[in-house]
Amino acid sequence: MKVWPFFRYFFSYILRAKTRQRLLFIAVVGLFLSAFSLMVIQGIMGGLQKGLIARSKAIHGSHLIIFEEPTAESLAPIKDILIKEGIHFYSELETEVMLKSRNFVAPAKLHGIDLDDEKPEFLQDKDFKGLVMGSELAGKIHLQFLDEVQIIAPGVTDSIMGEVPRFVTETLSDYLYTELSEVDEFEIWSRVGMVQNLLRAPGVNQIRLFGAVSPEVLEKVLNVPTQVEKRHLSWEKMNEALVWSLNLETKVMLFLFISMSLLVAIAITSGLMIFYSKIRRDLMSFWILGMAQKQLVGLCFKFTLILSALTVVIGGIFGYITLKLLEGYGHDLMPDIFVERQLPVQLDFSHIVMSLVIPFGISLIFSYFSFAHFRKENQSFVAIVRSLG
């Protein structure tokens, strides 16, 4: 006897039979929705995380070369390598300071930019006659355009003034809004000369690299001899807390989804147990026609696997199509208060695999429980036929 007529019979039994089990049909729909929703959730969450990482890298750079102390030596050999490789970069003197405006005080991170280097994209059109300040930081100390602010360096003192921390006064010449709260609330940019004057430290202490940088180029840069020791930090090392929180967010999302999928699994178990009890007489008919009992029981389990796999694949396909429609035609869906006005999509092969494997795995485990119970109760069709007589 061919296998396909057997499967076709039971597919039609589920869909058209008068005694079809609505609970099993609900379980199949739930399995479809599980694969569909997991595909969509992972795609949108991946897009949101990718957007956050891209904005952060645009500000902080993808790599950072740090000198152990400010150095005034020529960094031309390092810059020549970066220019030759087509890597965007700028050198800076970075320090932590305190800002004071009237009675308002706030901590900040001050970046002294060497304007001889190529300015990064987010600073291209900014006015460096004074300070370029994060918008939230300016609001925190009630600064307006062209207001004066004191920049205090607590770690650098003037002994002639009785160990008073050094400070300079600058005007706010431009605002910066990056959509990153940790930048807009804490960071400011200025000319490197002003920061050198504040710290009494000639030179720079960092070089920020932007874009993709190959390990070979990094090795060349780090192997250039310098008077001051230097080290390298990738964006992931600079933002370990953010990377950890994004990974935790993904894991928690998967855990919650698996927990909710257990409700679908309960429906699968109950529906299959009822379904197996309804088709028991049909199985005996196949057995009487000459089909081996072991083969019948095995085909029942294979039918369950095919039904689950087909449902999950269809759900995944519909989820993928939905993401493509959102990516291509999803106009401004969110109000202005949100950073992402559109729903970004980022879906890679691992997301697709998880969207299919997790629902199918849950279905496989609980389907096997139902199948094992059915096989245990139907060890011999002969006994069932005698009980009917």
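Is Arg-231 buried, exposed or partly exposed? Colleagues, the model before you is a predicted one, and in it Arg-231 counts as partly exposed, because its relative accessibility is 40% and that class lies between 20% and 50%.

Let me turn to its partner. Arg-231 forms a salt bridge with Glu-68, with 3.4 Å between the closest N and O atoms. Glu-68 belongs to strand 1 and Arg-231 to strand 9, so this pair ties together parts that are 163 residues apart in sequence. Glu-68 is also partly exposed, at 46% relative accessible area.

Nine salt bridges are found in the whole structure. Another of them joins Glu-170 and Arg-191, at 3.1 Å from N to O. Here strand 6 (residues 164-176) holds Glu-170 and strand 7 (residues 187-191) holds Arg-191, 21 residues apart. Glu-170 counts as buried at 12% relative accessibility, whereas Arg-191 is partly exposed at 27%. Shared partners also link Lys-79, Asp-114 and Asp-117 into one network of salt bridges.

Lys-79 brings us to helix 3, which spans residues 76-84 and in which Ile-78, Lys-79, Ile-81 and Leu-82 are buried. Viewed down the helix axis, these buried residues fall within an arc of 155°, so they line one face of helix 3. They pack against several elements, including strand 1 (63-71) and strand 9 (230-234). Ile-83 and Lys-84, on the other side of helix 3, are exposed.

Finally, I draw your attention to the surface. A nonpolar patch there includes Leu-310, Phe-318 and Leu-325 among its members, and the patch has about 760 Å² of accessible area together. Leu-325 lies in helix 11 (residues 293-329) and is partly exposed, at 46% relative accessibility.

Note on methods
Residues numbered from 1 in each chain as written. Predicted model: local features only at pLDDT ≥ 70, side-chain atom pairs only at ≥ 80, totals over all residues. Heavy atoms only, no water. Patch = residues over 30% accessible without salt bridge, like charges linked within 9 Å, V, L, I, M, F, W, Y side chains within 5 Å. Areas by Shrake-Rupley, 256 points an atom, 1.4 Å probe, with all protein chains shown as cover. Salt bridge = Lys/Arg side-chain N within 4 Å of Asp/Glu carboxyl O. Helix = DSSP H or I, 4+ residues; strand = E, 2+ residues; numbered from the N terminus. Buried < 20%, exposed > 50% of the residue type's maximum accessible area, 1.4 Å probe, protein only. Arc of directions from axis to C-beta. Contact = heavy atoms within 4.5 Å.
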